[in-house]
Amino acid sequence: MSDTHGSEQALEHPKHELSYYAKRIYAIRDLLLEKGVLDEKDIQCQIEYQEARSPANGAKLVARAWTDPAFKARLIADPKAACLEMGIDATSINEFVVLENTEKVRHMVVCTLCSCYPRPILGRPPDWYKSFNYRQRAVNDPRGVMREFGLTLSDDVEVRVHDSTADIRYLVLPLRPKGTETLSQPDLEKLVTRDSMIGVMDALPALPKA
Ligand code: FE
């Protein structure tokens, strides 16, 4: 029986199917390996670190803020320190701002220039966040964008759009859904979606009791 695990064949990438930029990235990676700047273990560690960052991190922060007013105050006053308390490393963000939604004010985050995003808290940005369409419409018609995500706001609710930069990253603290007073923290976390922390929609409503 042949065994290809660990062989050169198993490590080879189908480079003919890759885009120009992907090929370029692999070429740079190969050069860094060849020159001994990095080894395979460094690359794997970095991939695992990137993959470990997901909206679950943000959901933990939000659910705790909903249930612990002192933590919420710390999260807003010094987001990076509050992240550290929860074991989330946000030190790569230069200035980190948490925006608290209220019944009268909703915040929405965009990067009009490119795709700046609070990656340590939410992982990689969704494709729509990086699209020209979103970057333009978030500024021109934020209420229309929210409607498409399923959130229709009345006219007396103010919408504030925040443009991210290389230096400033934002996280929206969505409103706690009504009827969730008895939910445990893990159950609350399930209501905190990625999109609610970008601010294009609210957190999910509490599931009706069976
Ligand atoms: Fe950007």
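Hi everyone, let me begin at one proline: Pro174 sits in the loop that joins strand β4 (168-173) to helix α11. Helices here are DSSP runs of H or I with at least four residues, strands are runs of E with at least two, and both are numbered from the N terminus. Pro174 is buried, at a relative accessible area of 2%. By buried I mean under 20% relative accessible area, with exposed being over 50% and partly exposed in between, using a 1.4 Å probe and protein chains only.

What does Pro174 touch, leaving out residues up to four places away in sequence? The partners are Val62, Trp66, Asn101, Val192, Ser196, Met197 and Ala203, where contact means heavy atoms within 4.5 Å. Pro174 and Ile198 are 24 residues apart along the chain, and their C-alpha atoms are separated by 9.1 Å.

Before going on, a word about what we are looking at. This is a predicted model, so local features need pLDDT of at least 70 and side-chain atom pairs count only at pLDDT 80 or more, while totals for chains, interfaces and linings use all residues. Residues are numbered from 1 along each chain as its sequence is written, and side-chain values use heavy atoms, with hydrogens and water left out.

As for confidence, pLDDT is the predictor's own score for each residue, from 0 to 100. The chain has a mean pLDDT of 90, and 91% of its residues reach 70 or more. Please be careful with residues 1-10, though: the pLDDT there is below 50, and the stretch has two contacts in the model beyond near neighbours in sequence.

Now the overall picture. The secondary structure comes to 12 helices and four strands, and the C-alpha trace spans about 65 × 40 × 40 Å along its principal axes. Of the 210 residues, 35% count as buried. Among contacts with a separation of 6 or more, 64% are between residues 24 or more positions apart.

The chain is divided into domain 1 (18-52) and domain 2 (54-198), with bounds that come from an automatic or database domain assignment. Their C-alpha centres lie 31 Å apart. Gln46 is partly exposed, with a relative accessible area of 42%.

Let's turn to the metal. Which atoms of the protein are donors of the iron ion? They are Cys111 (SG), Cys114 (SG), Ser115 (N), Cys116 (N) and Cys116 (SG), lying 2.1 to 2.8 Å from the iron. Donors are N, O and S atoms within 2.8 Å of the metal (3.2 Å for Na, K and Ca), and water is not among the atoms, so sites may look incomplete. Along the chain the donors follow the spacing C-x2-C-S-C.

Are Cys111 and Cys116 buried or exposed? Both are buried, and Cys111 has a relative accessible area of 0%. Cys114, at 35% relative accessibility, counts as partly exposed. If a disulfide is taken as a pair of cysteine sulfur atoms within 2.5 Å, the count comes to zero.

Next, the inside of the protein. A nonpolar core here is a set of buried Ala, Val, Leu, Ile, Met, Phe, Trp, Tyr and Cys residues joined through side-chain atoms within 4.5 Å. The largest one has 45 residues, and Leu61, Phe96, Ile121, Tyr134 and Leu171 touch the most other members. Helix α4 (residues 55-67) gives the most to this core, with six residues. Setting aside residues up to four places away, Leu61 touches Phe71, Leu75, Ala82, Cys83, Met86, Ile88, Ile121 and Leu171.

Just after α10, Gly150 takes a positive phi of about 105 degrees.

Gly123 is in the loop between α7 (119-122) and α8 (127-130), and at 4% relative accessibility it counts as buried. Apart from neighbours within four places, Gly123 is in contact with Arg53, Ser54, Tyr117 and Pro118.

Thr193 is in the loop between α11 (185-189) and α12 (194-198). Why does Thr193 count as buried? Because its relative accessibility is 18%, and the limit for buried is under 20%. Beyond residues up to four places away in sequence, Thr193 touches Met201, Asp202 and Leu204.
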